[in-house]
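Subject: Handing over the structure

Hi,

Here is the structure I promised to pass on. Have a look at it first, and then read on for what turned up.

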Amino acid sequence: MDYYTYFKNSLDDLKNEGRYRVFADLERLVGEAPYARWNHEGTSHRVSVWCSNDYLGMSHHPDVIDAMLQSTQKYGVGSGGTRNISGTCHSHVLLEQAVASLHEKEAGLVFNSGYSANETALSTLGQSLPGCVILSDEKNHASMIQGIKLSGCEKRVFKHNDLNDLEKHLKSIPIDTPKVIAFISVYSMDGDIAPIKEICDLADKYNALTYLDEVHAVGIYGPGGAGVAVRDDQHYRLDVIQANFAKAYGVIGGYITGSKVLVDFIRSHGAGFIFTTSLPPSVTRAILASINVLKEDSSRRETLFKRVNYLKERLRYRNIPFVENPSHIVPVVIGDAHLCKLLCHRLLHEHHMYVQPINYPTVPKGQERMRLTVTPFHTPSMIHDFVDALHSLWETLQIKKAA
């Protein structure tokens, strides 16, 4: 086999389909959010960013930066290895106590990313529980899908947020067979929110564990940013709540929370936790600072939703179709990979407004989109100008408008 010809042909196929990903070379500078420096072909331009997951701008918060700098000076830049061999940093202990308290759970376990947390926890549950069946929402994140796949257990995929379809699957599984219902609170591509209470009702009825991903919700929803489950007073019914620190908290890392015995089970059996070098103390201290700020101060959350609502208002005014939902995520579906990529390219090159096109396999073919995320630092004037630029290109490219 000619390996390198195979690699090249595969990349050529991606390019021909309009799915080849080009990364913008950006420098996100402290104090300039939501602007960044775009480095391109020997030039540098100031661009506004409209697709960041740093939803509240916490990566630039002075308390978070100070916590990281001070702990780096005190503890250095590395953790020393895996917690299993090198010992656990005290800041890991404090952070796990903090996330358990946030979700009103007995225990927490910190991972290097949300992806690792999902992959490890779900694979460990699925491969360890005898005869386990995992019921997975069809729009679950790739990390959840990979974790279930690695578990080797039986998987049932139920229609997105469809309680009738979920119950149909549950009915077909013996009541004593171990079952895990895995789903997400705020879905990142459509911005819709799961019916947590009703899913928990079904879990109770059919003797299933519940596993909820709150990655796009923590820091933003619920009292102190504790997430949708706490907001809806359903957190106590969930066996595992998983989330991360890389979005609203503005740092990096992931975690799970739950009962002491369940979390200890994952800690003791999860290869993705046992064999991975742990987060540096400076990172965990920065996370703790971010959690504390957002627990005490709701102003950024309040401003965020004002900006989100204004963005939606302007899109409606310009008759630009977007997926209506109750969350902070604003998906604008184009439905064509080449057109989506071209639209984002021209926004960046002509208007210095950066949005990354979202194509297959992140979304199904024919559902290519821009995933807009404003922050508290996007002013109404900036939003007005962005939608006007988008509308102008929408007209030029003759993209289908809302009915």
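F7 sits in helix α1 (residues 3-16). Its relative accessible area is 42%, so F7 counts as partly exposed (buried is under 20%, exposed is over 50%, and partly exposed is in between, with a 1.4 Å probe and protein chains only). Helices (H or I, at least four residues) and strands (E, at least two) are DSSP runs, numbered from the N terminus.

Before going further, some housekeeping: this is a predicted model, where local features need pLDDT of at least 70 and side-chain atom pairs count only at pLDDT 80 or more, while totals for chains, interfaces and linings use all residues. Residues are numbered from 1 along each chain as its sequence is written, and side-chain values use heavy atoms, with hydrogens and water left out.

Next, the salt bridges. A salt bridge here is a side-chain nitrogen of Lys or Arg within 4 Å of a carboxyl oxygen of Asp or Glu, and the structure holds 18 of them. One of these joins D201 to R237, with the closest N and O atoms 2.6 Å apart. D201 lies in helix α8 (residues 196-206) and R237 in the loop between α9 (228-231) and β9 (240-244), so this pair ties together parts that are 36 residues apart in sequence. D201 itself is partly exposed, at 31% relative accessible area. D201 and R237 also belong to a network of salt bridges that links them with K197 and D204.

D232 and R231 form a salt bridge with their closest N and O atoms 2.9 Å apart. D232 is partly exposed, with a relative accessible area of 30%, and R231 is partly exposed too, with 42%. The side chains of E324 and R316 meet at 3.0 Å, N to O, and R316 is partly exposed at 46%.

What about space inside? A cavity is a set of points on a 1 Å grid over the protein atoms alone where a 1.4 Å probe fits but cannot get out, and its lining residues have an atom within 4 Å of a point. Grid points are joined across faces, edges and corners, and a volume is the space filled by probe spheres set on the points. Counted this way, there are two cavities of 30 Å³ or more.

The largest cavity holds about 130 Å³. It is lined by 16 residues, and R28, A33, P34, S52 and T375 lie nearest its centre. That lining has eight nonpolar, six polar and two charged residues (Ala, Val, Leu, Ile, Met, Phe, Trp, Tyr, Cys and Pro count as nonpolar, Asp, Glu, Lys and Arg as charged, and the others, Gly among them, as polar).

The second largest cavity has about 90 Å³ of space. Its lining includes R83, H92, F111, N112 and F273. The elements that give two or more residues to this lining are β4 (107-111) and α11 (271-274). By class, the lining divides into four nonpolar, seven polar and one charged.

Finally, the backbone. Most residues other than glycine have a negative phi, and most peptide bonds are trans. Which peptide bond is cis at P34? The bond from A33 to P34 is, with omega near 10°, and P34 lies in the loop between β1 (25-27) and β2 (35-40). The bond from Y360 to P361 is cis as well, with omega near 10°; P361 lies in the loop between β13 (357-358) and β14 (369-372).

As for phi, N207 has a positive value near 60°. N207 is found in the loop between α8 and β8 (209-213) and is partly exposed at 46% relative accessibility. D233 has a positive phi near 55°, lies in the loop between α9 and β9, and is partly exposed at 44%.

Over to you!

Notes:
1 Å grid on protein atoms, 1.4 Å probe; cavity = no way out; pocket = protein on both sides within 12 Å on 5 of 7 lines; lining within 4 Å.
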